[in-house]
Amino acid sequence: MPISAALNNLRLNRDFVRQVVAWQRFASRPAVFAVPDVILPASFQLALHRRGIDQFFTHQAAAITAVAQHHNVIIATATASGKSLCYTVPVLQRLLARPSARALYLFPTKALSHDQTAETNAIIAAGNLPIAVNSYDGDTPRGQRSKVRAAGGILISNPDMLHAGILPYHTGWRDLFSNLEFVVLDEIHAYRGIFGSHVANVLRRLCRICHFYGSDPQFICASATIANPREHAERLVEAPFVLIDESQNGAPTGEKQFILYNPPIIDEELGLRASTMIAGRDTAVTFLAEDVQTILFARTRQSVELLLTYLRDELAYRGWADTAVTGYRGGYLPLERREIEHNLRTGQLRGVVATNALELGIDIGELDAAVIAGYPGSIASTWQQAGRAGRRAEQSAAVLIAGNSPLDQYICQHPRYLFGRSPEHALTNPDNERIMVKHLQCAAYELPFQKGEAYGGFGPVDPLLELMEEAGVLHETRQQYHYLGEGVPAGGVSLRTGSDETVLIHDTSGSTPEIIGEIDLESVPLLLYEEAIYMHLGQTYLVESLDWNGRIAYVRPVDVDYYTRASVGSSIRALRPEAEQEAGGLLRAWGDVSVVTQATGYRKIKRYTFETLGFGEIDLPEMTLETSGYWLVFGESLTEQLYDAGILLRPNDYGSNWKTQRLRALDRDNHQCRMCGASGQDPSGFGKPEGSITLHVHHIRPFREFNYIPGQNENHQAANQLDNLITLCPSCHRQAEAGQQTRSALGGLAYVLGNLAPLYLMCDPSDIQVSAESRSPVTKAPTVVVYERVAAGVGFSQRLFELHDTLLAAALELVSDCRCRDGCPACVGPPGEIGPDTKQVTRQLLGILNAGV
């Protein structure tokens with residue numbers, strides 16, 4: 001077998017094996033079949049037979065039987081175990097038995113919707129079954145939408161379209177809601193945090209509309225492996241579920257080899273390892289050389305394009321230029337993505353480099369090898385990506401290439417963290433008041449609220465409706481609350497935290513500009529600034545101009561051997577408290593937070609050698625997030641106490657020659673950031689245009705390591721030598737000092753709060769951001785800020801303020817009870833990102849803060 005040959009080649013490669021920290025073999029498992037307790041029509045059995053389905057695996061049979069017994073069902077089994085048949089079979093069976101019945105399928109992305117539309121239609125066509133299947137999303141031509149509304153059978157859509165394009169216009173969908181027997185929610189692990197909380201409220205509105213039209217649909221959900229599938233489904237739908245989990249999985253699996261590889265150290269002094277991308281390329285080439293169809297996962301869009309370029313270059317160098325490989329990421333046009341998916345299914349493409357856009361269950365066939373370039377950030381994502389490889393009953397391989405980050409290195413030192421730990425929980429909070437109020441407006445527009453009417457599992461919402469009436473949003477008459485606002489409120493409520501704005505990319509090399517892609521507005525400062533090298537399907541383009549207001553970037557193809565990397569940083573500019581309270585020298589508050597993100601400059605980086613070829617400035621507007629936050633400010637007396645105890649580090653006294661040496665470093669570097677090339681003003685503030693940045697001078701080897709004691713030694717002379725100083729812009733300086741910042745108790749506290757807050761808020765970790773500053777420019781004191789990553793916030797900050805005492809107590813318990821010695825990802829952070837005493841001083845800090853509560 002080709003996969004066996006590729007794995008054997010890796011075993012015989014001494015340089016590769018020397019860096020392998022774990023090589024796990026997961027044994028194959030035969031198929032286990034069962035007969036569901038239902039009788040399928042002969043025409044349906046024939047359709048399944050023609051699609052190669054003559055038996056059902058045990059989990060499929062259990063799910064089909066449970067649905068037939070009118071239970072809501074959640075299926076949570078491994079990737080490629082045939083979960084879609086668990087809902088396709090009972091839905092088609094019911095629609096054949098009752099032709100007027102309807103089913104609604106919801107998927108988190110349009111790509112998945114299109115995928116399932118094709119698969120369901122294939123089964124129907126195989127048996128010539130009299131069932132219609134239609135998709136309805138943003139890509140549906142307006143001329144066809146009335147036809148879709150009038151059609152019967154199965155409607156396939158996504159939560160966003162249900163929210164803004166179907167529920168507000170329910171009178172045009174009367175047939176659907178009157179006869180709705182099934183709602184299918186696939187990939188529900190994607191519905192977590194703020195997004196999941198919005199989706200749960202959309203489902204409340206859906207059930208309310210169904211009740212109005214006299215239907216009570218049954219729910220069938222499917223999920224990747226998460227720690228709490230049944231709890232998650234029941235919180236989303238607010239109904240009891242029967243769980244079909246991995247213990248019932250009867251799908252066969254071939255033997256899987258999972259390899260954890262840590263690239264070799266190339267700089268002993270700095271501890272730097274060889275490039276993750278180059279190691280990922282070489283591993284992928286080993287599989288492709290044996291004609292093993294391979295997927296290579298990268299963390300970012302730019303990494304996808306660089307890896308694709310490196311992979312094609314290496315294949316051409318070895319004489320295999322005709323091996324078909326491509327990229328796959330957000331920003332490609334829909335038709336490009338559909339073509340790539342088709343060519344992967346048919347085997348025309350032998351390799352693909354992708355972001356986590358291919359982590360969800362889009363049908364790309366059954367690949368044999370997965371190479372993951374860098375830890376994806378969660379255990380669930382790691383196994384989801386690894387699960388992309390593996391034909392049933394055949395051997396497969398997954399290789400995780402560790403990066404330089406402390407978390408990657410922690411996993412290499414403690415492989416059991418990956419192999420022995422359960423996946424993460426999916427958390428949502430449908431009762432979040434700010435989110436719920438938005439959906440109450442949408443629901444009132446759809447149908448007036450009766451006094452005393454329950455809203456999903458929340459129960460009666462009269463107090464909220466009365467407040468909305470006082471605000472002029474609703475009007476109460478005859479025991480009913482009617483919506484008074486203008487337009488459709490759903491149009492102003494986004495279910496997702498990101499902006500819907502995109503920038504179109506126009507290739508100007510032809511006689512007329514051609515659209516080659518689009519990216520979200522937030523990514524423009526990273527990828528599409530003027531003079532940037534933008535990469536698309538391995539082709540390099542120069543960004544000639546950017547129309548920021550018109551949301552269009554103009555590019556042309558160029559042949560260059562470098563790429564560009566922007567320096568983008570965020571800083572907290574303002575904290576405006578709504579409420580604050582002081583106890584034991586610690587001020588806690590919640591209120592409005594202004595977070596400013598600014599791209600300052602970029603570097604030109606040569607491919608392969610990664611040397612810096614030049615710099616450039618980025619002239620784009622600041623992007624300001626006005627949100628809500630919860631923050632802790634350490635008072636002067638408490639701070640002095642913590643300084644004296646060695647728990648917090650005092651600000652450095654850089655010695656008598658610091659001002660002179662700082663000026664010399666700025667002059668040597670031509671008042672430019674050595675990392676990104678951004679120009680800045682001199683310390684006096686003169687000589688540069690208004691609005692230019694103030695540059696910082698950074699010690700390459702931390703100043704504290706020189707043990708300078710004023711009046712006792714002259715160690716500051718060595719610390720302030722020019723060769724130990726580098727000019728940086730504020731953004732690059734924050735990145736350079738990020739590691740040093742977390743080596744303190746303040747950084748440990750911030751890390752613990754970042755771990756605990758999502759558990760109490762029932763949100764996703766990505767919904768919040770935590771900042772720790774030893775001296776905040778806003779408060780002029782040590783400060784920790786937890787802010788929400790969505791404009792205006794959704795109430796998390798006020799809740800954290802209310803939970804302050806509980807949070808600090810839980811944080812102390814977490815750090816004290818953690819069995820690690822010096823810190824780990826589960827408490828104060830992984831070794832390498834923290835100092836050797838960070839866990840100890842964080843525990844001391846939490847003890848003092850809890851005593852002062």
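Confidence comes first: this is a predicted model, and its mean pLDDT is 91, with 96% of the residues in the chain reaching 70 or more. There is a stretch to treat with care, though. Over residues 683-691 the pLDDT stays under 50, and the model has nine contacts there beyond four places in sequence.

Helix α27 covers residues 804-817 and helix α28 covers residues 838-851; they pack with their axes 9 Å apart, at an angle of about 150°. The crossing of α27 and α28 is left-handed. If you sort the residues in this contact between α27 and α28 by class, you get seven nonpolar, three polar and three charged. On the α27 side, look for D805, L808, A809, A811, L812, V815 and S816. Facing them from α28 are K839, R843, L846, G847, L849 and N850.

Now move to T783, which sits in strand β36 (residues 783-788). Its relative accessible area is 2%, and because buried means under 20%, T783 counts as buried. What does the side chain of T783 reach? It gets to the backbone oxygen of A781, at 2.8 Å. Setting aside residues up to four places away in sequence, T783 also touches L632, V633, L746, S771, A772, E773 and S776.

A298 is another buried residue, at 8% relative accessibility, but you'll find A298 in a loop, the one between β14 (294-297) and α13 (301-317). Beyond its neighbours up to four places away, A298 touches S303, V304 and L307, along with A354, T355, N356 and A373. For a sense of distance, take A298 and R329: they are 31 residues apart along the chain, and their C-alpha atoms are separated by 9.7 Å.

Next come two residues in helices. S381 belongs to helix α15 (residues 379-386) and is buried, with a relative accessible area of 15%. Leave out its neighbours within four places in sequence, and S381 is in contact with E359 and P376. L407 lies in helix α16 (residues 406-413). Is L407 buried or partly exposed? With a relative accessible area of 23%, L407 is partly exposed. Not counting residues up to four places away, L407 touches Y375, P825 and P830.

Finally, have a look at a couple of backbone angles. H70 isn't a glycine, yet its phi is positive, near 70°. Where is H70? It's in the loop between α4 (58-68) and β4 (73-76), and at 58% relative accessibility H70 counts as exposed. Y608 also has a positive phi, about 75°, although it is not a glycine. Y608 is in a loop too, between β28 (586-606) and β29 (612-617). With a relative accessible area of 34%, Y608 is partly exposed.

How values were computed. Residues numbered from 1 in each chain as written. Predicted model: local features only at pLDDT ≥ 70, side-chain atom pairs only at ≥ 80, totals over all residues. Heavy atoms only, no water. Helix = DSSP H or I, 4+ residues; strand = E, 2+ residues; numbered from the N terminus. Buried < 20%, exposed > 50% of the residue type's maximum accessible area, 1.4 Å probe, protein only. Contact = heavy atoms within 4.5 Å. pLDDT = per-residue confidence, 0-100. Axes fitted to C-alpha atoms, helices over the stretch in contact; angles between N-to-C directions. Left-handed = near helix turned anticlockwise from the far one by under 90°. Nonpolar A, V, L, I, M, F, W, Y, C, P; charged D, E, K, R; others polar. Polar contact = N/O pair within 3.5 Å; in protein donor to acceptor, adjacent residues only side chain to side chain.
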